[in-house]
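Hi everyone, thanks for coming. Let me put the sequence and the structure up on the screen, and then I'll walk you through a few places in it.

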Protein chains: 4
Amino acid sequence: MSTSRLEAFADGIFAIAATLLILNVGTDATGRDLGPALLHAWPSYVAYAVSFVTMGIIWANHHTFMHQIEHTDRTFLLLSVVFLMAIAFIPFPTRLVAENIQDPDAARAAALAYGITLTFTAVMFNVVWLYASVGRRLLNADADPKTVSGITRSYLPGPWIYLAATLVVLVNVAVGVVLFLAISAFYVLESSVFGRREPPSSR
Amino acid sequence: MSTSRLEAFADGIFAIAATLLILNVGTDATGRDLGPALLHAWPSYVAYAVSFVTMGIIWANHHTFMHQIEHTDRTFLLLSVVFLMAIAFIPFPTRLVAENIQDPDAARAAALAYGITLTFTAVMFNVVWLYASVGRRLLNADADPKTVSGITRSYLPGPWIYLAATLVVLVNVAVGVVLFLAISAFYVLESSVFGRREPPSSR
Amino acid sequence: MSTSRLEAFADGIFAIAATLLILNVGTDATGRDLGPALLHAWPSYVAYAVSFVTMGIIWANHHTFMHQIEHTDRTFLLLSVVFLMAIAFIPFPTRLVAENIQDPDAARAAALAYGITLTFTAVMFNVVWLYASVGRRLLNADADPKTVSGITRSYLPGPWIYLAATLVVLVNVAVGVVLFLAISAFYVLESSVFGRREPPSSR
Amino acid sequence: MSTSRLEAFADGIFAIAATLLILNVGTDATGRDLGPALLHAWPSYVAYAVSFVTMGIIWANHHTFMHQIEHTDRTFLLLSVVFLMAIAFIPFPTRLVAENIQDPDAARAAALAYGITLTFTAVMFNVVWLYASVGRRLLNADADPKTVSGITRSYLPGPWIYLAATLVVLVNVAVGVVLFLAISAFYVLESSVFGRREPPSSR
């Protein structure tokens with residue numbers, strides 16, 4: 001199968017998973033309660049924005065690496081499907097965090113679910129890339145070795161960063177959630193500011 | 001990344017966000033109540049139509065300007081993701097307006113949410129375009145300067161128009177909502193009637 | 001805008017609207033009630049199948065006529081958006097029929113909603129095609145006049161057939177619903193059996 | 001119609017149906033109950049993963065056979081729509097199994113619904129392929145006869161395997177569900193491990 005069909009399928013999953021995030025934003029309040037309820041629901045807006053932008057950056061990075069890939073094989077397709085399965089799962093823990101972050105009894109479980117999902121996503125992102133790039137198995141014949149190792153270097157920390165933040169949630173939920181926000185902000189900055197100096201950048 | 005991949009991703013977001021609007025249309029009525037409930041739900045049909053057509057026009061305009069763009073960079077991708085995040089948010093305030101417009105206690109909060117979302121969308125639309133076009137940063141080498149400045153001129157009023165209607169909501173909800181409808185109707189007319197004289201038209 | 005971008009957007013709307021139909025299929029039954037409830041829900045399976053196949057046929061016909069079209073203009077885009085708005089609306093009356101067809105008090109209202117939606121869809125299908133084809137406004141230079149008039153002839157009855165079935169619902173709901181099923185069956189047969197003799201066929 | 005448009009439509013259906021699976025994963029638990037509820041919901045994660053990966057493999061196989069096909073006709077389009085209708089149905093029985101597998105009174109009905117859906121999907125997959133390949137009706141002129149008969153041989157057992165597992169559900173639900181898991185695991189292994197020896201592989 002050509003890479004373009006896989007990219008089209010991945011584009012679809014990314015676009016749908018990102019758009020489904022809006023189904024998590026809502027309130028059942030009516031009448032005079034609607035205004036205050038809309039303000040009180042701010043965590044769901046923050047969660048929507050963080051997950052949407054995070055998915056957007058992963059999507060952009062996915063294209064960066066697919067650009068280096070010449071062809072696919074069955075194992076690569078299967079690993080890509082598992083990676084996309086993780087992407088499509090993100091709306092669920094996003095909703096958990098949005099709905100429960102203000103409740104001390106439930107915030108930890110929700111934040112753990114978010115952290116585990118993002119850690120798994122980052123792991124699969126690396127697995128897919130390493131399967132394709134180790135020994136240049138599926139790479140373009142003219143893929144620049146420096147670019148390839150630059151991509152590998154920039155992706156490898158992802159799982160560890162998310163794992164660390166997830167472990168922090170076990171100790172202190174608030175600090176862990178702030179770390180999740182900081183990771184997103186870092187990737188946004190890296191993508192836009194730093195990324196301009198190192199083209200094949202990030203995550 | 002080529003512009004075609006970004007366009008495919010944007011097409012996906014637009015198509016999904018527009019189609020998800022139908023999930024806002026509904027009634028729990030059963031039995032003899034169903035007929036009257038379906039008539040009583042007219043605001044949800046109007047809201048569906050207005051938001052669907054508004055998204056369709058923004059989609060068409062997005063392609064008009066993407067047609068002038070030669071390549072992308074990381075910042076442009078990130079700004080586009082934030083713009084698409086605003087597009088994918090529209091179903092939520094659309095539902096709020098549809099469900100609450102007939103309730104004097106809740107209509108203002110719902111209309112404000114709609115106005116703020118559309119104002120932010122129009123702002124991001126301009127930010128994305130200005131980032132690409134100022135200094136011809138990402139434009140096609142042969143993009144006609146007159147066409148480019150025509151696009152800029154036709155987009156710039158958008159945020160102010162939506163901001164004005166949003167402020168009117170604070171004073172009088174009904175007038176503000178009528179303004180939202182009038183803005184949509186204006187863009188429809190501009191797109192189809194006026195737009196035929198000035199090809200790179202609108203919003 | 002090239003026709004290929006409009007086709008991609010339309011493909012997205014058709015695919016999403018058809019897939020969202022599954023959200024209408026469901027039951028809240030648990031325990032021992034699940035089995036009987038799944039059997040009792042047969043109208044929702046029929047409604048799912050009829051609407052999915054109907055959308056699939058409209059999608060195929062939409063491509064048949066887009067194949068004759070050389071370029072687009074703003075009015076054509078806007079009319080296409082309104083047509084796609086009707087397509088994306090179909091899951092709502094489909095759910096109404098599935099949920100209420102077994103309730104004598106609610107079946108008529110649900111069937112009317114379905115009939116009105118399908119009639120409007122068929123009208124918009126014709127409006128879009130006639131806008132493009134009258135005076136050969138947007139057609140390929142080499143579009144065969146006989147093929148073009150064949151398409152026009154095969155589409156024109158659609159709105160009248162659905163309008164007739166909708167009016168029958170006012171008199172007798174059961175007969176009207178059987179007519180809706182018969183129309184779908186006819187289009188399926190025409191598409192697959194008759195359609196093979198007249199390539200640019202149907203609806 | 002070219003096969004590329006049908007592939008784009010099918011890609012959309014596959015991507016959306018797979019992504020909608022996440023809407024089945026959820027819990028209404030709040031407060032202290034959230035953590036235990038998230039652990040207790042493990043069947044919904046397993047069901048999500050199994051159905052997502054199953055759809056991913058069917059998608060990959062669908063492309064394998066579309067690659068052998070030169071053109072389409074109306075009957076082939078219609079059969080493909082019915083096949084896609086089965087694909088888009090999968091989220092519903094997946095949810096039934098996830099929600100009811102731990103309830104002895106409801107597990108059988110849910111597992112039967114899953115088995116019937118997958119059996120029907122496998123039947124339609126074969127019908128679409130056989131329609132295209134028997135007598136080389138729609139195949140590429142240069143499609144290798146050995147590859148074509150290899151595809152046919154690898155697809156034919158699918159319906160019988162799912163039918164057998166569905167019949168086992170009638171006798172023993174637990175064994176039947178384990179068989180469903182084993183079938184998925186087999187296809188995953190066949191796709192990635194065995195499939196590498198026989199390129200045009202599977203299902």
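Let me begin with a question: where is D:Asp28 found? D:Asp28 sits in the loop that runs between helix H1 (3–20) and helix H2 (34–40) of chain D, where helices (H or I, at least four residues) and strands (E, at least two) are DSSP runs, numbered from the N terminus.

Before going on, some housekeeping. This is a predicted model, in which local features need pLDDT of at least 70 and side-chain atom pairs count only at pLDDT 80 or more, while totals for chains, interfaces and linings use all residues. Residues are numbered from 1 along each chain as its sequence is written, chains are lettered from A and ligands numbered from 1 in the order in which they are written, and side-chain values use heavy atoms, with hydrogens and water left out.

D:Asp28 counts as exposed because its relative accessibility is 79%; buried means under 20% relative accessible area, exposed over 50%, and partly exposed in between (1.4 Å probe, protein chains only). From D:Asp28 to D:Ile161 there are 133 residues in sequence and 36 Å in space, C-alpha to C-alpha.

Now for D:Thr3, in helix H1 of chain D. Is D:Thr3 buried or exposed? With 13% relative accessibility, it counts as buried. Leaving aside residues up to four places away in sequence, D:Thr3 touches D:Met66, D:Ile69, D:Glu70, D:His71 and D:Thr72, a contact being heavy atoms within 4.5 Å.

Next, the interface between chain A and chain D. Chain A brings 32 residues to the contact and chain D brings 39 residues. Together they bury about 2,900 Å², with 74% of it on carbon and sulfur atoms; buried area is the accessible area (1.4 Å probe) that two parts lose on being put together, summed over both. Of the area that chain A buries against chain D, 25% comes from A:Arg5, A:Phe9 and A:Arg74, more than from any other three residues.

How many salt bridges does the rule find across the interface of chain A and chain D? There are two, with a salt bridge being a side-chain nitrogen of Lys or Arg within 4 Å of a carboxyl oxygen of Asp or Glu. A:Arg5 and D:Asp11 meet in a salt bridge, 2.3 Å from N to O. On the chain A side, the elements that give two or more residues are helix H1 (3–20), helix H4 (74–89), helix H5 (91–100) and helix H6 (107–133). H4(A) gives the largest share, ten residues.

How are the two chains related? A rotation of 90° with 0.0 Å of shift along its axis superposes chain A on chain D, at RMSD 0.0 Å, by least squares on the C-alpha atoms of residues with pLDDT of at least 70 in both. That is the relation of a four-fold axis. The copies use different surfaces, as 12% of the contact residues of chain A recur in chain D.

Over all chains, the structure holds twelve salt bridges. One pairs B:Arg5 with A:Asp11, at 2.3 Å between the closest N and O atoms, and A:Asp11 is buried at 5% relative accessibility. Within chain D, D:Glu99 forms a salt bridge with D:Arg95, at 3.6 Å. Both lie in helix H5, four residues apart, about one turn of the helix. D:Glu99 is partly exposed at 47%, whereas D:Arg95 is buried at 18%.

Thanks, everyone!
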